[in-house]
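Here is a friendly walk through one protein model, from a few single residues out to the whole fold. Keep the viewer open as you read.

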Amino acid sequence: MSAPSPEVAADRGDAEGRTVVVRVPATSANLGPGFDTLGLALSVYDELTVTALPDGELDIEATGEGADDIPRDASHLVVRSMAYAYEACGRRMPGVRLRARNVIPHGRGMGSSGAAVVAGLLAAKGLLSGDVELGPDALLRLATELEGHPDNVAPALFGGLTIAWMDPDGPQHKKLIVHRGVAPLVLVPAFTMSTSLARSLQPLQVPREDAVFNVSRSALLIAALTQSPELLLAATEDKLHQNYRAQAMPETDRLVRALRAEGFAAVVSGAGPSVLVLADGPGQRLVAAEVAAAVADTPWEPLMLAVDVKGGTVRDQTEGST
């Protein structure tokens, strides 16, 4: 990604009138023991149509999840993420017309903020195509800078099961293909959970035994998700974050414990409060949903999902895919 001179950035046209369509999947991070490391892309999608307008114009419309609560100005997370990408590329951001169809639940632990960040970056990528090219590494770096950690944005960008980590060169990821026998079920409550609150409940230090426990389960979870789904129950045990966060979402904790007592690999989805069940086949997923309906004392919406394998996409509305 080259950085043009300020004179070029100031004088360049901004593809006014160009329209791109962006599609980004929901994600579930942590997956039990893989705290801030593992993430899974799921087949629920936010879709946006973004058009470059003359400088200074901003027109935002949104439907679906959270449509009544999101801002209609430059503080909108998609718009902020676009602006961040343009600044990183040394380009002046055009005005924007944004039409968003939100499907990913907000504040439920399904990566809605990460999806918005990725959507904004992909929109910028599409509008800048042919001028500045934003490659996978640059997108992951920018998304991580905006989101603060890569565990949600990596699967949103690349799809599948991702392992994300930081090294001196910045965020890195490895995408893995999930075994076809793994059938995700997400149980979504009506109430929300603040990610910052959930994170504040965790201690800065944990016992050595708990750290070793989670290392073993994280390693086992990779094998379970890619080769041996019958190991998912043992592989999703966790001692680093879920117990500490339970006090803030007791209904979630009760449901996770009830499902695990029945043999299902249930975990808190991201920071919660949704519950992710990694069932060993579609039939077991149906049974898990029935168990949840029978034991829960508050309503939970069951989402029977697939693992998304493509990640976020952007296409020019008139020129095809990019």
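Where is the place of L31? L31 sits in the loop between strand 1 and strand 2. Please keep in mind that this is a predicted model.

**Two residues with positive phi**

L31 has a positive phi of about 60°, although it is not a glycine. N30 is found in the loop between strand 1 (19-29) and strand 2, and N30 too is a non-glycine residue with a positive phi, here about 80°. As background, most residues other than glycine have a negative phi, and most peptide bonds are trans.

The peptide bond that joins G272 and P273 is cis, with omega of about 5°. P273 belongs to the loop between strand 8 (266-268) and strand 9 (275-280).

**A few residues side by side**

| Residue | Relative accessibility | State |
|---|---|---|
| T51 | 9% | buried |
| T162 | 0% | buried |
| E65 | 32% | partly exposed |

T51 lies in strand 2 (residues 38-53). Its side chain makes a polar contact with the side chain of T19, at 2.8 Å. Not counting residues up to four places away in sequence, T51 touches G17, R18, T19, G95, V96 and R97.

T162 is part of strand 5 (residues 161-167). Because its relative accessible area is 0%, under the 20% cut-off, T162 counts as buried. Leaving aside neighbours within four places in sequence, T162 is in contact with residues including T37, L38, G39 and H173.

E65 is placed in the loop between strand 3 (58-64) and helix 2 (77-89). Leaving aside neighbours within four places in sequence, the contacts of E65 are N102, V103, I104, P105 and H106. E65 and S112 are 47 residues apart in sequence, yet their C-alpha atoms are 9.8 Å apart in space.

**The nonpolar cores**

Which residues have the most contacts inside the largest nonpolar core? They are V50 and M110, in a core of 72 residues. Helix 3 (residues 112-128) gives the largest share of this core, 11 residues. A second, separate core has 19 residues, among them L259, A266, V277 and A289. Beyond its neighbours within four places in sequence, M110 is in contact with residues including A26, V44, V186, S269 and L305.

**Helix 7**

Helix 7 (residues 208-226) has 19 residues. From its first C-alpha to its last, helix 7 reaches 28 Å, close to the 27 Å expected at 1.5 Å a residue. Its buried residues include D210, F213, N214 and L225.

**The whole protein**

Stepping back, the protein has 11 helices and 12 strands. Its radius of gyration is 20 Å, close to the 20 Å that the globule rule gives for 322 residues, so the protein is as compact as a globular protein of that length. Along its principal axes, the C-alpha trace spans about 65 × 40 × 35 Å. Of the 322 residues, 52% count as buried. The accessible surface comes to about 14000 Å², and 52% of that surface belongs to carbon and sulfur atoms. Among contacts with a separation of 6 or more, 74% are between residues 24 or more positions apart.

Notes. Residues numbered from 1 in each chain as written. Predicted model: local features only at pLDDT ≥ 70, side-chain atom pairs only at ≥ 80, totals over all residues. Heavy atoms only, no water. Helix = DSSP H or I, 4+ residues; strand = E, 2+ residues; numbered from the N terminus. Buried < 20%, exposed > 50% of the residue type's maximum accessible area, 1.4 Å probe, protein only. Polar contact = N/O pair within 3.5 Å; in protein donor to acceptor, adjacent residues only side chain to side chain. Contact = heavy atoms within 4.5 Å. Expected span 1.5 Å × (residues − 1). Core = buried A, V, L, I, M, F, W, Y, C linked by side-chain atoms within 4.5 Å. Rg over C-alpha atoms; globule rule 2.2 N^0.38 Å. Areas by Shrake-Rupley, 256 points an atom, 1.4 Å probe, with all protein chains shown as cover.
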